[in-house]
Amino acid sequence: MTDFDYDCLVIGGGPAGLTAAIYLVRYHLSLKVVDAGNSRASWIPCSHNHAGYPGGINGKELLAKMREQAQMYGASIETARVTRLDLIDGGFQAEWGAGPVTARKVLLATGVTNRKPPMDPELHDAALAQGLIRYCPVCDGYEVTDKRVGVIGSGSHGVAEAVFIRGFTEDITLIAPDRAHDLSAEDRARLEQFGIKSVDGPCEAVAAVEKCITIATPYGEHVFDSIYPALGSDTHVELARQVGAELTADGTLAVDDHQRTNVPGLYAAGDVVKGLDQISHAMGEGGVAATTMRNDLAKERPIIREALRGNSMR
């Protein structure tokens, strides 16, 4: 193919994808962003560790500001889910319901989804909005300083999260999600070393009232100021698999130092790549990916700005 609908296609409209979009459109490249609308950043009631917002910022508000900034420079952003990605001569073809669209380069910023604890979905969302459920102790462990915290999880992963949170509070209980704890002698020794209580499951969150959340187990009900589900997450790599992108052992996308995957013209940034699952980290990767995309495009044909002749390389 000699002609494409866009120079760049960004799949995913979270912090990584939108940062990349701002960079790409300011490089005078034709760009399309397709966002399914479920970025984990949108779950955040108020982020207090995102630099530049001393009073904190709501996740949805942050994403709205980033979209506005990208669109101010001409980025086209569409709410849809890309269902198909194929390699074609010189680039890619993507589909999301409105017919195939082609692009020379594609950035996957599709992120991950946290596995939720066993509870009513409406109760979950209400508790999340109140800070009674939290998913990222790196982000908001400070907010549970000296409070009662429950960690829903088991095995080494659950123990590691409970030990991490021990840096913020001494009142921690590790609760098995669906059966009795399956802990090694080493894990049990760590719990004892850090004074972390453990309760066998199964468990279920049954109420969230008066700034507390109640977890029911066969051994009674337990009341916490916040709970952290340590149940893992699912990485969105379906589109990457369709074009043969390499995955790491933990199921994230493998990239080089410039966010390139093993598939020429395909890049990845944010939580879909192994790293620190933080807004700041995702934004940094988005900037690196966008600049790499621009420079790789320039190697294929010069990017030269000419007055009154548009801003695409076509």
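Colleague: How many helices and strands does the protein have?
Modeller: Its secondary structure comes to eight helices and 16 strands. Keep in mind that this is a predicted model.
Colleague: And what share of the residues is buried?
Modeller: Of the 314 residues, 48% are buried.
Colleague: OK, which residues have the most contacts inside the largest nonpolar core?
Modeller: Those are L9, L85, W96, V106, L108, L253 and L266, in a core of 24 residues. Several elements supply at least two residues each, among them strand 1, strand 5 and helix 7. The largest share, four residues, comes from strand 6.
Colleague: Switching to charges: how many salt bridges are there?
Modeller: The structure holds 14. One of them joins R104 and D7, at 3.7 Å from N to O. R104 sits in strand 6 and D7 in strand 1, 97 residues apart.
Colleague: Is D7 buried or exposed?
Modeller: D7 is buried, because its relative accessible area is 0%. R104 counts as buried too, at 7%.
Colleague: What does D271 pair with?
Modeller: D271 forms a salt bridge with R40, and the closest N and O atoms are 2.6 Å apart. Both residues lie in loops, D271 between strand 16 and helix 8 and R40 between strand 2 and helix 2, so the pair ties together parts that are 231 residues apart in sequence. D271 and R40 are both buried.
Colleague: Last one: which residues form the negative surface patch?
Modeller: D120, E122, D125 and E204. D125 is in helix 3, and D125 is partly exposed at 44% relative accessible area.

Technical notes: Residues are numbered from 1 along each chain as its sequence is written. This is a predicted model: local features need pLDDT of at least 70, side-chain atom pairs count only at pLDDT 80 or more; totals for chains, interfaces and linings use all residues. Side-chain values use heavy atoms; hydrogens and water are left out. Patches are made of residues with over 30% relative accessible area and no salt bridge: like charges are joined within 9 Å, nonpolar side chains (Val, Leu, Ile, Met, Phe, Trp, Tyr) within 5 Å. Accessible areas come from the Shrake-Rupley method with a 1.4 Å probe; for residues, only the protein chains shown count as cover. A salt bridge is a side-chain nitrogen of Lys or Arg within 4 Å of a carboxyl oxygen of Asp or Glu. Lys and Arg count as positive and Asp and Glu as negative; His and the chain ends are not counted. The place of a charge is taken as NZ of Lys, CZ of Arg, CG of Asp or CD of Glu. Buried means under 20% relative accessible area, exposed over 50%, partly exposed in between (1.4 Å probe, protein chains only). A nonpolar core is a set of buried Ala, Val, Leu, Ile, Met, Phe, Trp, Tyr and Cys residues joined through side-chain atoms within 4.5 Å.
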